[in-house]
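Please read the following report alongside the sequence and the model.

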Amino acid sequence: MAKSALLKSSIGKKYWMALTGLFLCVFLIGHLVGNLQLIFGTDLQFNQYAYFMTTNPAIKVLSYVTYISILFHAIDGILLTIQNKKARPVGYAKNNAAANSTWASRNMAVLGTLLLVFIATHMVNFWAKMHFAEMPLQTQTLTNPMGQSVVYNTTTGSFVDAAQVQMGQLELKNGKEFYIPGSDIKFAEGYKDLYKITVDFFKDPTYGLVFTLFYVLSMVVLAFHLSHGFRSAFQSLGANNPKYNGLINVIGLGFAYIVPALFAIIPLYLHFVK
Ligand code: HEM
């Protein structure tokens with residue numbers, strides 16, 4: 001391949017890596033906010049959120065864009081690394097590398113590969129269960145304003161005494177949610193209990209601990225990957241104005257450390273505190 005064509009295509013690859021990488025950063029913020037409900041929300045809130053995320057058509061499209069972005073970003077990254085290695089076979093990158101670049105920038109491919117292993121494991125842990133496995137539905141026992149126990153037994157599917165609905169002690173809304181009139185207590189039929197699956201997964205004394213450590217270590221890897229990736233994406237897209245570089249660096253580093261740290265707190269909290 002002619003040198004200019006090589007350069008062109010490697011610039012093209014960098015451009016797409018930057019675009020997909022920044023899209024994945026937006027995904028991370030959304031995913032983090034949703035997952036923080038595991039700490040700050042109720043089981044119903046989290047399950048409603050998971051239900052919305054797996055059934056809303058617009059979100060489904062976004063999910064497919066996310067999957068494609070992950071694959072594209074990974075494949076492009078591997079090709080770019082191979083291309084770079086071929087372009088400088090003398091190993092000049094090693095010369096004085098520590099002085100000219102950060103450790104993360106020199107190890108983006110390794111960090112990215114570790115993240116790919118994390119994402120694949122993570123999808124098996126939760127996503128595959130949510131989409132393809134039989135899952136328990138959420139159960140709840142509440143006391144209605146008349147002091148009666150309203151047992152919602154989702155395991156058998158017979159969740160509410162029909163008489164309670166007929167007598168107006170319960171109101172059905174949206175075909176899925178029951179409200180106790182005069183109160184703001186609501187509960188739901190048919191939400192998959194992803195909350196329980198996730199909490200039980202990390203709470204388990206043995207494999208829960210192993211996965212908690214794996215998730216925390218993976219978030220360290222994510223932090224390193226983002227510490228170079230975020231800033232580098234702006235450069236690849238041509239945003240290299242000395243006026244704004246400082247600001248991009250600060251936002252990039254903040255993003256790179258705060259987002260993975262908040263992600264890491266979730267399994268730690270579920271395993272050690274909940
Ligand atoms: C450490 C805390 C995290 C927890 C507790 C968590 C939890 C979950 C759960 C429960 C799902 C299944 C949701 C569903 O399919 O509806 C999911 C999906 C997913 N997670 Fe995570 N996650 C965490 C971190 C991450 C990180 C750091 C990444 C990326 C680097 C990530 C990438 C994904 C992807 C790509 C999906 C599939 C999303 C989709 O189908 O649209 N997760 N996560």
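## Overall make-up

The secondary structure of the protein comes to eleven helices and five strands, where helices (H or I, at least four residues) and strands (E, at least two) are DSSP runs numbered from the N terminus. This is a predicted model, in which local features need pLDDT of at least 70 and side-chain atom pairs count only at pLDDT 80 or more, while totals for chains, interfaces and linings use all residues. Residues are numbered from 1 along each chain as its sequence is written.

Of the 274 residues in the protein, 19% are buried; a residue is buried if 20 or more other C-beta atoms, placed from the backbone, lie within 10 Å of its own, exposed if 12 or fewer, and partly exposed in between. Among contacts with a separation of 6 or more, 71% join residues 24 or more positions apart, two residues being in contact if their C-beta atoms, placed from the backbone, lie within 7 Å.

## Helices α4 and α7

Helix α4 (residues 57-87) packs against helix α7 (residues 108-132) at an angle of about 150°, with the axes 10 Å apart; axes are lines fitted to C-alpha atoms, for helices over the stretch in contact, and angles run from 0 to 180 degrees between N-to-C directions. The angle makes α4 roughly antiparallel to α7, since angles under 35 degrees count as roughly parallel, over 145 as roughly antiparallel, 65 to 115 as roughly perpendicular and the rest as oblique.

On the α4 side the contact is made by Ile70, Ala74, Gly77, Ile78 and Thr81, and on the α7 side by Ala109, Gly112, Leu116 and Ile119.

## Helix α11 and its partner

Helix α11 (residues 242-272) has 31 residues and reaches 45 Å from its first C-alpha to its last, close to the 45 Å expected at 1.5 Å a residue, the expected span being 1.5 Å times one less than the number of residues. Helix α10 (residues 207-236) and α11 pack at an angle of about 170°, with their axes 8 Å apart, which makes α10 roughly antiparallel to α11.

## Val259 within α11

The buried residues of α11 include Gly252, Ala256, Val259 and Phe263. Val259 counts as buried because it has 20 C-beta neighbours inside 10 Å. Leaving aside residues up to four places away in sequence, Val259 touches Leu28 and Leu32. The C-alpha atoms of Val259 and Val33 are separated by 10.0 Å, although these residues are 226 residues apart along the chain.
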